[in-house]
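Biologist: I'm new to reading protein models, and I'd like to learn by asking about one feature at a time. Could you take me through this one?

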Amino acid sequence: LATLRQAMPARSRPHAEAFTVSSARNYWEFPAPPIDAEIVRAVGSAINRRHLVCGDYTGDGEPVTLTLEPHDLVVWAARWYLVAFDPDADRWRAMRVDRFTPHMPTHTPFVRRDIPHGDPVAFVMTAHDRGDAAAEWQCRGSAVLALPASTVARFAPGGSTVEYDTETTCRLTLGAWSWPGLAGLLLTFDADITDIEPAELRQALHSLRARIGRGLEPATPPRPER
């Protein structure tokens, strides 16, 4: 991007310099649908100008119209997220930009606030309700993990979802190429798991336990020759 800016005509540079984008490490590469550049431009311009942005957001249900204080854009796992404060709900949001359709510019200024964790990247990576959806896999299942939702959200593979359960537990829904592969992904979190669905995932975990048990058995010493 820096190289492109240097080569741009002077009249085009203000558009490229209207906003900055933060990039976060991706633990699981999973393609996301292409994003409309005009949406990124409109949201980025509102961030740069510190103007409220109004638009329709499609989450888990019907689209809702929101008026937000846009603060930052974050790209993570090939997905664009908007970090914004929602004055009506009095809370911060991490939202998928590809699910947001902005209306006309509001030209209404706002005063920037301190972002949770002091960092937009950290906020997005620990937000379990950031608008992700479970991807289509050959095998897909879920389980309740004995970990906070914010912890699991940071390391959950792309194409998975995290649902808040309690302060110390959450439900992770994810997919993989096989049931043993899915079971292995759950075990990487190194936490107790309960309420495992479906039956195929439970069977895969039973099989892995048996294999690991056999691998931990002491080797049979060779018989002495007569």
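This is a predicted model: local features need pLDDT of at least 70, side-chain atom pairs count only at pLDDT 80 or more; totals for chains, interfaces and linings use all residues.

Biologist: Is R50 buried, partly exposed or exposed?

Modeller: For that we read the relative accessible area: under 20% is buried, over 50% is exposed, and in between is partly exposed. R50 has 43%, so R50 is partly exposed.

Biologist: Which loop holds D190, and what is its phi near?

Modeller: D190 belongs to the loop between α6 and β10. Its phi is near 50°, again a positive value in a residue that is not glycine. With a relative accessible area of 73%, D190 is exposed, because that value is over 50%.

Biologist: Let's turn to peptide bonds. Where does P198 lie, and is the bond from E197 to P198 cis or trans?

Modeller: Here the angle to read is omega. The peptide bond that runs from E197 to P198 has omega near 0° and is cis. P198 itself is placed in the loop between β10 (193-197) and α7.

Biologist: Now the overall picture. How many helices and strands does the chain have?

Modeller: There are 7 helices and 10 strands in the chain. The chain has 226 residues, and 42% of them count as buried. Its accessible surface comes to about 13500 Å², with 53% of that belonging to carbon and sulfur atoms.

Biologist: And how do I read contacts along the chain?

Modeller: Ask how far apart the partners are in sequence. Among the chain's contacts with a separation of 6 or more, 63% are between residues 24 or more positions apart.

Biologist: How do two helices pack, and at what angle do α6 and α7 meet?

Modeller: We compare the directions of their axes. Helix α6 (residues 179-187) and helix α7 (residues 199-216) pack at about 75°, and their axes are 8 Å apart. An angle from 65 to 115 degrees counts as roughly perpendicular, so α6 is roughly perpendicular to α7.

Biologist: Which residues make that contact?

Modeller: On the α6 side they are W179, P180, L182, A183, G184, L186 and L187, and on the α7 side E200, L201, A204, L205 and L208. Sorted by class, the contact has 10 nonpolar, 1 polar and 1 charged residues.

Biologist: What about strand β9?

Modeller: Take two of its residues. T169 lies in β9 and is buried at 16% relative accessible area. Beyond neighbours within four places in sequence, T169 is in contact with V144, L145, A146, L147 and Y164. T169 and D192 are 23 residues apart in sequence and 9.7 Å apart C-alpha to C-alpha. T173 is also in strand β9, which covers residues 169-176, and T173 is buried at 15%.

Biologist: Which residues does T173 contact, leaving aside neighbours within four places in sequence?

Modeller: They are A134, R140, G141, S142, S160, T161 and E163. With the close sequence neighbours within four places left out, the contacts of T161 are D132, A133, A134, R171, L172 and T173.

Biologist: Last one: how many disulfides are there?

Modeller: A disulfide is a covalent bond between the sulfur atoms of two cysteines. The count here comes to 0 disulfides. C139 is buried, with a relative accessible area of 5%, and C170 is buried at 0%.

Key. Residues are numbered from 1 along each chain as its sequence is written. Side-chain values use heavy atoms; hydrogens and water are left out. Helices (H or I, at least four residues) and strands (E, at least two) are DSSP runs, numbered from the N terminus. Buried means under 20% relative accessible area, exposed over 50%, partly exposed in between (1.4 Å probe, protein chains only). Contact means heavy atoms within 4.5 Å. Axes are lines fitted to C-alpha atoms, for helices over the stretch in contact, and angles run from 0 to 180 degrees between N-to-C directions. Angles under 35 degrees count as roughly parallel, over 145 as roughly antiparallel, 65 to 115 as roughly perpendicular and the rest as oblique. Ala, Val, Leu, Ile, Met, Phe, Trp, Tyr, Cys and Pro count as nonpolar, Asp, Glu, Lys and Arg as charged, and the others, Gly among them, as polar. A disulfide is a pair of cysteine sulfur atoms within 2.5 Å. Accessible areas come from the Shrake-Rupley method with a 1.4 Å probe; for residues, only the protein chains shown count as cover.
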